[in-house]
Amino acid sequence: MGKNVVIIGTQWGDEGKGKIVDWLTESAQGVVRFQGGHNAGHTLVIGGRKTVLRLIPSGVLRPGVAVLIGNGVVLSPAALMTEIRELEGAGVELRPRLAISPACPLVLPCHVALDQAREAAASGTAGGKIGTTGRGIGPAYEDKIARRALRVQDLLDPERFAAKLATLLEYHNFVLTQYFRAEPVPFEKTRDDTLALAREIVPMVADVSARIHEMRARGESLVFEGAQGALLDIDHGTYPFVTSSNCLAGAAAPGSGIGPQLLDYVLGIVKAYTTRVGGGPFPTELTDETGAGLARRGNEFGSVTGRPRRCGWLDVPLLRRSFELNGVNGMCVMKLDVLDGMDEIRICTHYTVAGRRVDRIPSGADAVAQCVPVYETLPGWKESTVGVRTLDGLPANARAYLSRVEALTGVPIAMVSTGPDRDDTILLRHPLH
């Protein structure tokens with residue numbers, strides 16, 4: 001009997017999910033993306049070679065593994081084909097293994113133009129910029145909810161695609177030109193460029209929901225790969241400084257066309273400290289040399305945008321909320337090695353708000369901005385943990401740090417990552433076994 005595992009980011013994204021999806025896919029027959037778009041960036045290092053994936057699930061580098069893009073993903077035809085060609089150029093055989101849901105909404109140039117125009121206009125307002133990637137993801141999800149989106153299945157009929165595109169551009173170009181005073185997006189170029197890519201995309205369109213059920217019936221295992229992180233969830237994150245999709249474990253079911261009973265285990269990916277990109281409150285943020293040191297040692301720059309990440313101490317109230325929202329069965333602690341060499345390490349155990357103790361991060365940016373972190377200090381370690389592959393091989397203080405995180409969150413550690421390479425991993429409990 002196969003087992004399906006959902007891998008989810010438990011913080012503000014950038015936890016290192018891609019490495020763990022790749023690692024787990026060694027024991028799986030398929031990997032599924034179920035939300036987000038090419039705003040996700042998953043960096044894999046295998047045998048010293050670095051690969052950045054944006055739309056294609058991170059298990060793609062395992063030969064023979066089925067690669068599925070579910071209906072919850074918003075899909076840029078241009079970004080998809082660029083990534084496919086990059087992978088093929090690196091010797092990855094992909095197209096026969098890739099299945100794309102016909103129900104994926106398309107990300108088109110008008111969505112990119114809207115995203116960038118909005119961010120530019122918001123920079124001088126009271127609310128300020130959200131800090132999006134500028135890739136058009138939010139506007140594409142808006143079109144989906146407003147029921148005016150073009151979907152992958154529209155690429156199957158060029159005349160229908162062109163007619164729908166004309167209507168869509170009439171609407172968006174009005175907003176671009178009249179409200180934002182920006183340039184309109186040209187119809188003919190958008191139509192011709194997209195339909196040229198469609199000839200390559202259409203052969204990869206398939207019933208992803210049916211594929212997953214067929215694999216389950218054969219006793220095969222699947223890894224469902226989340227993008228972003230729980231505190232960027234459109235409903236439960238630090239709204240409005242969030243992404244435009246549900247990025248919790250539960251979204252794997254509607255985002256790929258299955259029932260929730262097919263999700264057997266949720267693995268929460270936890271960076272050993274905390275980072276976030278873009279705007280929004282961050283209770284444990286370090287704006288001093290300690291934070292700068294974490295950023296340097298952790299190479300904390302976005303894999304898609306190159307933007308520097310803000311760094312801070314591990315935030316347990318954030319994790320408590322995230323673990324409950326996702327139903328986390330076990331966690332994988334990433335980048336433990338970045339804490340090497342520190343004299344002491346702090347963990348935020350709870351907050352105070354107006355003198356009152358708060359044990360879970362509240363909902364929404366305004367409430368989170370009121371939270372004052374309360375810390376517990378643990379001794380650090382001088383020894384290197386890089387590449388350690390057994391728990392006993394870690395320094396005693398590193399083991400004590402991990403044990404304290406388990407105790408404070410009440411969730412067991414299944415895996416620990418001690419470096420970017422797929423083999424720099426300590427396995428305690430295998431999520432697929």
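1. Two rings of Phe, Tyr or Trp (its six-membered ring) count as an aromatic pair if their centres lie within 6.5 Å. On that basis, this predicted model holds three aromatic pairs. One of them joins Tyr 179 and Phe 180, with 4.9 Å from centre to centre and 90° between the planes. Planes over 60 degrees apart count as edge-to-face, and the pair of Tyr 179 and Phe 180 is edge-to-face.

2. Tyr 179 has a relative accessible area of 63% and is exposed. Phe 180 has 19% relative accessibility and counts as buried; the cut-off for buried is under 20%.

3. On secondary structure, the protein chain contains 11 helices and 17 strands. Its radius of gyration is 22 Å, close to the 22 Å from the globule rule for 433 residues, so the chain is as compact as a globular protein of that length. The C-alpha trace spans about 65 × 55 × 35 Å along its principal axes.

4. Of the contacts in the chain with a separation of 6 or more, 77% are between residues 24 or more positions apart.

5. On charge, the protein chain carries 47 positive and 47 negative side chains. The centres of these two sets lie 1 Å apart.

Terms used
Residues numbered from 1 in each chain as written. Predicted model: local features only at pLDDT ≥ 70, side-chain atom pairs only at ≥ 80, totals over all residues. Heavy atoms only, no water. Phe/Tyr/Trp six-rings, centres within 6.5 Å; stacked < 30°, edge-to-face > 60°. Buried < 20%, exposed > 50% of the residue type's maximum accessible area, 1.4 Å probe, protein only. Helix = DSSP H or I, 4+ residues; strand = E, 2+ residues; numbered from the N terminus. Rg over C-alpha atoms; globule rule 2.2 N^0.38 Å. Contact = heavy atoms within 4.5 Å. Lys, Arg positive; Asp, Glu negative; His and termini not counted. Charge placed at Lys NZ, Arg CZ, Asp CG, Glu CD.
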